[in-house]
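Please read it beside the sequence and the model.

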Amino acid sequence: MSPKTRPPRDDESPSSLTDISLAWLCHNVEVLCVEQENGSLQLRHCPLFPQELADQLLHTMAQEGVLNDRTVGIFQNMEHLRLRRAHIQSSHLSAEAFRLALCPHKLQELNASHIHSDLTISEILHSITSSKVCRQGLQTLLMNGLRLYGEAGEDSVHASFNTLRGLKKLSLAWTDLEDRGLEDICTMPMLESLDISGTNITDLTPLLNCESRLRSLTMHGLQKLVMPTSSLIFVLSKLQLLRHLDISNDKLVMDGDNLVQQLLERPGILPHLVSLDVSGWRGVSDATVQAFVEVRPGMRFIGLLATGAGGSELLCGDGHLKVAGESNLTQLCEALRRYSDRESFIREVLTHLYSHTNSMDGPQPNILKLVLAGMQHHTDSLHVQLVATACVFNLTVQELVLGISLHLAGTVVQQLLTAMKNFPNHEQLQKNCLLTLCSDHILQVVPFDRYEAAKLIMMLLGNHGDQTVQRMAVAIVSILVSKLSTEEISELGAEAFIMKQLLSIVQQKASLGVVDSTLKFALSALWNLTDETPTACRHFIQCQGLELYMELLESYYAEFSIQQKLLGLLNNVAEVEELRMELMDEDLVEHILSLLINPEVEVDVRYFAGGILAHLTSVRGPAWGLDDELHCTVQEKLHSSILSWSSPEHAMVSYRTLQPFYPLLHISQCSGVQMWALWAIQLVCSQNAPQYCSMLQTEGGTDVLRVLSTHPDTHSDVKCLVENILKILERNLHPASPGSKRANISLQ
């Protein structure tokens, strides 16, 4: 089930069985169907669906993006799939597919808003009116965002609204509806609710034909209206049955003609009004609004955003009268709820909300959900995304994120990643998103696609030279990589540009001689990226990473934290047999040997130095290509140094498998090589016995240990380590799930 198409749940309760089943059916519909001669699909075995479930299936298919000319064919089976409420918004349907699959049903509701095809309003009307059962039963019709006619204009398909004799609710917001169309609409005998927001209508006089039945009128953003204010007020005054009126202005301008003032001050106008929206008309006074509301005790909502009104106690929004405005947090939340699909309003609300979110006392998941809804409705609006991401940071900063459900937090993170992808070159937006993502809780616990996030952030990193952006991006990627599966790391490691980006950052920091968090996180990311990933190790070599690391080993000799990360990556390279010859450099080997034998060096560093040397001197893989005396020295020092190591109390490293160690335990290996592998196994088994003892048994490692223990040529020090491990095994015989090999990383 895609998080992008599912609204956030109010709690952590699981999805219903119905939702899960319908989502599964949507994404497997091709497999469950046979193709008809016309290319549409039909279910092979279709049970009788309850009508509500059939409606829900159609709606889910539209939400999940799988409703098209082929898949909609399953609804031609009217014996088993009977529709009453058809929600097909944002789907991909042609006029012919719509007519064949949906119009034969006894539809009561149809939402065909924002369909992603050439389907026009006229074609929808023509298809509906050609079906008697659909024409007679339809009561609600929504076609927001569609064109009235096709490329051929009025000559293409012509149909009249007034043939829909039973229609009660019609919405044509943000269409190219003009005056003649409104005249046609106003002859509909049952029409009670009309939305003509953002259309090309210039004259509302035809509404007088609806005065005996119209109860709801929405005309937000009618920028082409040219009738005098007095004429408009006259028309509205005749609509005595109106309970809802929306004359809000999406341009947020001064009410130069005093339209709102005249409307509110006209005695006896709209006596039954319950809801009034005048948002966007600046210059409205509290006194005028309050006087209007006081004589209409049945009022339950008034929209006052960007009007200047809303500061009085009566209009605060806390009581039975809900107010959308900017005077307080309650009004702002109401505005977010009401205006999620209105870009200019959402932008205004978020700007005011930002100052409130700077001083939140505790988690505000409900406010975060409202901000998220605004972001999801306006993914292509830079202004909305910029302010929204700033609000999201304030609402999730530090401990506030702990009070937000994991599901909601995951949905928010995915939306932040969408904003970063849509506006890759906007530095402040990138900063806002990265600031939010720089949270251990989010990176370690919250569910989201970490692979895609790491890849996206690395791609965006090349667009910005800002040091703050670079520092946050590298830190985030470093932790994300440590949380990926083996398969995901392999895929990420196959992207050469990621290796180049990280090495470039390391080179940049090294040239300045600094030791900061950016350098450490970049090195950790490279270390994890090459973990059991031969392709990434090859990219490292090809990108001159080895030459850079040799320089760093020299220049950061006293920085043990840096040395550990450098040697950790080189140890990953050494595990790849075909790349070992790349490490056969005398200066490099001698430097690593010096770290191995230096008692002042922490065991964390000496361990990885020993691992590199153990692999290079292994009888498996390419033969030793350096001086024989050096070879003997390495073997001798491996053995003697490991005898002096003490196990650290902290978890130094973890492994998803112990397979790389078993070849080093072969009886043909020298004792130093065997001891390094055994010391590593003993370390992890003693620190996490259930996990690694089970791993040893499952992988056959115990057999390898017993062969080594009983062989007459095995060194006594090697046998001692083997016996220690076998004793740990004897004490911990219960199974455990395997872990993952990662460097331990935190933002702290």
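The points below concern a helix pair and the cysteines.

1. The model is predicted, so local features need pLDDT of at least 70 and side-chain atom pairs count only at pLDDT 80 or more, while totals for chains, interfaces and linings use all residues. Residues are numbered from 1 along each chain as its sequence is written, and side-chain values use heavy atoms, with hydrogens and water left out.

2. Helix α22 spans residues 517-529 and helix α25 spans residues 560-574; their axes come within 9 Å and cross at roughly 20 degrees. That angle makes α22 roughly parallel to α25 (angles under 35 degrees count as roughly parallel). Helices are DSSP runs of H or I with at least four residues, numbered from the N terminus. Axes are lines fitted to C-alpha atoms over the stretch in contact, with angles from 0 to 180 degrees between N-to-C directions.

3. Contact here means heavy atoms within 4.5 Å. On the α22 side, the residues in contact include Leu519, Leu523 and Trp527; on the α25 side, they include Ile562, Leu566 and Leu569. By class, this contact of α22 with α25 has seven nonpolar, five polar and two charged residues.

4. The whole structure has zero disulfides (a disulfide is a pair of cysteine sulfur atoms within 2.5 Å). The cysteine sulfur closest to that of Cys316 belongs to Cys333, and at 14 Å it is too far for a bond. Cys685 is in no disulfide either, with the nearest cysteine sulfur, that of Cys693, 4.5 Å away.

5. Cys316 is partly exposed, at a relative accessible area of 21%, whereas Cys685 is buried, at 0%. Buried means under 20% relative accessible area, exposed over 50% and partly exposed in between, with a 1.4 Å probe and protein chains only.

Key: Helix = DSSP H or I, 4+ residues; strand = E, 2+ residues; numbered from the N terminus. Parallel < 35°, antiparallel > 145°, perpendicular 65-115°, else oblique. Nonpolar A, V, L, I, M, F, W, Y, C, P; charged D, E, K, R; others polar.
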